[in-house]
Every structure is written in C-alpha cells, then in structure tokens.
Amino acid sequence: MYRPLLYAALVPALLITACTAEPSAAPEPASSGAASAAPSPTPSVDTYAAWKDGQSTPVSDPIYPKRGTDALDVLHYDLALDWSPSKRVLTGKATLQIRPTKDAQSFSLDLVPYTIDSVTVDDAPATGEVTKEKLTVATPVTKDKPFTLVVAYHGKPKTVPMPSKRGDSEPLGLTVDKAGGLWTMQEPYGAFTWYPANDQPSDEALYDIAVTVPKGWSGIASGTPKGQDGNTFRYQSTDPVASYLTTLAVGKYKKVTAKGPHGLPLTYWYRPSDKRALPILKKSPKYLTWLEKKFGPYPFPSGGVVMVESESGMETQQMVTLGSAVLSFGADQFELDVVHEYAHQWFGDAVTPADWQDLWLNEGWAEYAQLVYQKETAHATDADLDAWLRQSDAALRKQYGPPGHPKPSEFAMSNVYICGAAMLRQLQSAIGDKKFFALARAWAQEHKNTQQTRESFTEFVNKFTGKDFTKLIDAWLDSRTTPPKSLKESKA
C-alpha cells in the first residue's frame, strides 16, 4: 500500500526512498440498468465445491475489530454494478456464496447505508437492515452449511475516514470525482462502501465483477479482464482476493495492452491528464522481470495499472491503483511507486497477512524489494543501504514505535515499511545474499493464496535456514530502539 512518508536520501543524489508528500464532455446516454454477471442459480451444497479455492479461516482483527467477522467465510462474490455519472448513483446486485463458521440466528456483513431493494437467502426472501455500517440479515445459519445471499441495493457512494495520521491520508472507499467518475482506495478497509463485504484481510474470496457504464466510459476492476458486452466490462479473480485488494474505477479512460514476462497480459488504463505516466507504465515488463528473478514467477494470470485521482497508490490485486498526484514528484519517484506496488503482488496479495497486526509482513517485504531495486539501479553499496536503514529505523521507532505493534489510529506509518525492511536486511546479512533470496522466493511461492502471521513467518525462517532466528525477528518487531548489528541467530 501507498508509500512511507519518510523523505530521506538513501545515498545523496542517488537514491530516494519511495514516499508521498504530506501533502467539459458531452452528456452521456443513460446506462442500461444494473449489469448482469453470469447467471448465478442457487447451487446445491455439493456445487459449493466450485468455490473451494475461496475458503479461508477468518479471524477477528485485533486492530480494527469492528470491521469484518470471524463468523462467516465468504467463498465467492458475484458483483453486478451499474454506475450513473449524471445521477451519481450506484446500483448493485451482490451474490455471495458463504460458509458460516458458527451457528447463528442472524448474520452480518459490512456495508454503508445504501437503500436495500431486496435480500434473499437460498432464493427465499429475507429481511436485511443496514445500521452502523453493518448489513444484518435475520436468517438462521448453520456452521459449515454454505448458503447463497443475494442483495440488491442502490444509492450514492459514501466514503469513510482513514484511521491514520499520514500526510497522504484521504477518505477510504468508493470516491466520486468531479467528472462523475469513480475510484477507490480501501486499506485497511472500505470495500464495504460499494458492496456487502466481510471487510478484513483474513477472509479471501473468489470474484466475478461486471461493471455497466454509459457509452464512452470504461469500467475497470481487479482481476483478469474477461471482455466487454456492450457497455458492460467483466473481470474475474480465480485466485482468492482479500476485500481490501479489490478495486473499482470508472471514467473516460484510454487503454494500452502489452505483454510481460512469459507473455503475461498487461493493461494500462489512463486519462489524458495521466499521459506522462505512460512511458513508465510501459516499463512494467522490465520491473516484473526483475521481480521474478528475485522472488519467482508472477503469481497471477494478468497484471496492469489504473490511474486515479488519489494522493497515493495501492497494490490492488492484478490491477494496481496509482494516484496521479504522485506524478508531481517526478518520473523517478513514480517509477519507484510502480515497482513497490508490483512487489506487493508477491507480498501482500499472493501472501496476505491474517490481520493488521502484521502489516509489516506486507510493507516490509515490498519496501525492501524497492530498496534493493534502488540500490542496484543507482549502483549504491551495501554499506550505503545499511547506514541509511539504521539511521531511518532509529528515528521511526522513536516517533511511531516498533513495527510489530501498530497503533489503530496510525495505520501504515513509515515504521512498518522501513523498520520491517531493516529487519529483512539484517536477516540477509546473517544468512548471505544467495540464501536470503532463496528464502524470499520460497516464502512467496510456497505460501501463495494463503493468509500468514508473524508466528508462521518465524517458523518458516527457522526451518528454511536450519537456525533459530526467533530472537532476531522478535527484537526487530518489538524493540523501541534499533537492535544491535551483532544480533543474529540464537545458538542451538
């Protein structure tokens, strides 16, 4: 997600850490009504096996416990969305296949107060009410007995505040721009501003998204592009996706297609005002090839970038969302952001933290990948990187605390990026370059499409290296001051 707020030279005049400053069309014809995704008849219990790859083990998030629930495991979202720019109204039909993890007399999902037009559970009419950003359906459910929920709704999108003091903080969720377009940034949550969601990282699901827009407009979403029917754009995710990693954008976009490593389909969506981003976006095959050499094959069947009117950027799965405001910092800075968000496709998207306590597990890896890219392209030295990381780490721990203990009101501050990266640098120094990148590759490839924790990462490192690095990892995640250079593995 985004970039750390820290402004500092890694090597004067050579490396700049990725960061963000604190910083008339003709009327469209009426759209054709709510988009219709592929028909979704209510399946029998046996046919829920079709969505087995969307099965997760949801947990209650310790940082934002009001978002999401551990009582439900959403297997699949089928979203049929229609956007009217002139009316600023979103009309949606969400079909969810859900596995309850507990017996309950009712169940709830996250959703802002849209007008609910209808609710059914396994084709039977049900009562659904939205209060306090929760859609509660008064229908009993049984543990491990899947059911299909269909919610039809409409209304004007509303964003929610971001729980952060970052300089680039902006409201979360589905945002309407001045031209009547849409875009979204939604980490740590905000998907519930455009569809009913179990809006927490531990519940990943499969997705089918259909977006209907007026003629001359484009609808862009996360996942693999599946074609266009008239004014309806379709996307599908056959790899599970956490809700914060979905994206939606609508506007008068231009599209460029390309091929990445191994023929990987890439798509770049931009507006005329974003044209200066295009030369860098077209270097995506180069960035992805570099990342593959470090971390193994790109984990998904397609990739790309969509430009939006944000202050920041986001590693939305298979379709990175980048804010046009980042362009104001120049081509070098924008390139670093592109590399950072692509690195997240391995770290955060393919391997996702089970809860927000372990945000460092996303950002530490993505930041370190970016720093290694900076070091190599600027021909800096290991000593340059070590000195910069230790200096930055010390300042950030003093200001924000250790990366393993994020504060709910200070989401994604620079400590989880830089201090997490400094821990990985220390691990690399302890085991050597070759073994470290073999470990990084194995971590990303062996844990694809899973939710991981600090404990599972530590266990993996110890098993992979044959040494006990628990003390090192704990010190770098828990200490309020920078751990000493001499701290390596514990003796057997």
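Rings of Phe, Tyr and Trp, the last represented by its six-membered ring, are taken to pair if their centres lie within 6.5 Å, and a pair counts as edge-to-face when the planes are over 60 degrees apart. In this predicted model, the structure holds 28 aromatic pairs. One of them is formed by Tyr244 and Trp356, whose ring centres are 4.8 Å apart and whose planes stand at 70°, so that the pair is edge-to-face. This pair links distant parts of the chain, since Tyr244 lies in the loop between strand S16 (232-242) and strand S17 (248-251), whereas Trp356 lies in the loop between strand S23 (351-353) and helix H4 (360-377), 112 residues apart. Tyr244 counts as buried at 1% relative accessibility, and Trp356 likewise counts as buried, at 3%.

A further edge-to-face pair is that of Trp365 and Phe457, with ring centres 6.4 Å apart and planes at 80°. Here too distant parts of the chain are linked, with Trp365 in helix H4 and Phe457 in helix H8 (residues 454-465), 92 residues apart. Trp365 has a relative accessibility of 1% and therefore counts as buried, while Phe457 is buried with a relative accessible area of 0%. Both residues belong to a cluster linked by ring pairs, which comprises Phe295, Phe347, Trp360, Trp365, Tyr368, Phe436, Phe437, Trp443, Phe457, Phe460 and Phe464.

Charged side chains are also found over aromatic rings. The charged end of Lys294 sits over the ring of Phe437, 4.7 Å from the ring centre, and Phe437 is itself among the members of the cluster. The charged end of Arg67, in turn, sits over the ring of Tyr189 at 4.5 Å from the centre of that ring.

Terms used
Residues numbered from 1 in each chain as written. Heavy atoms only, no water. Phe/Tyr/Trp six-rings, centres within 6.5 Å; stacked < 30°, edge-to-face > 60°. Helix = DSSP H or I, 4+ residues; strand = E, 2+ residues; numbered from the N terminus. Buried < 20%, exposed > 50% of the residue type's maximum accessible area, 1.4 Å probe, protein only. Lys NZ or Arg CZ within 6 Å of the ring centre and 35° of its normal.
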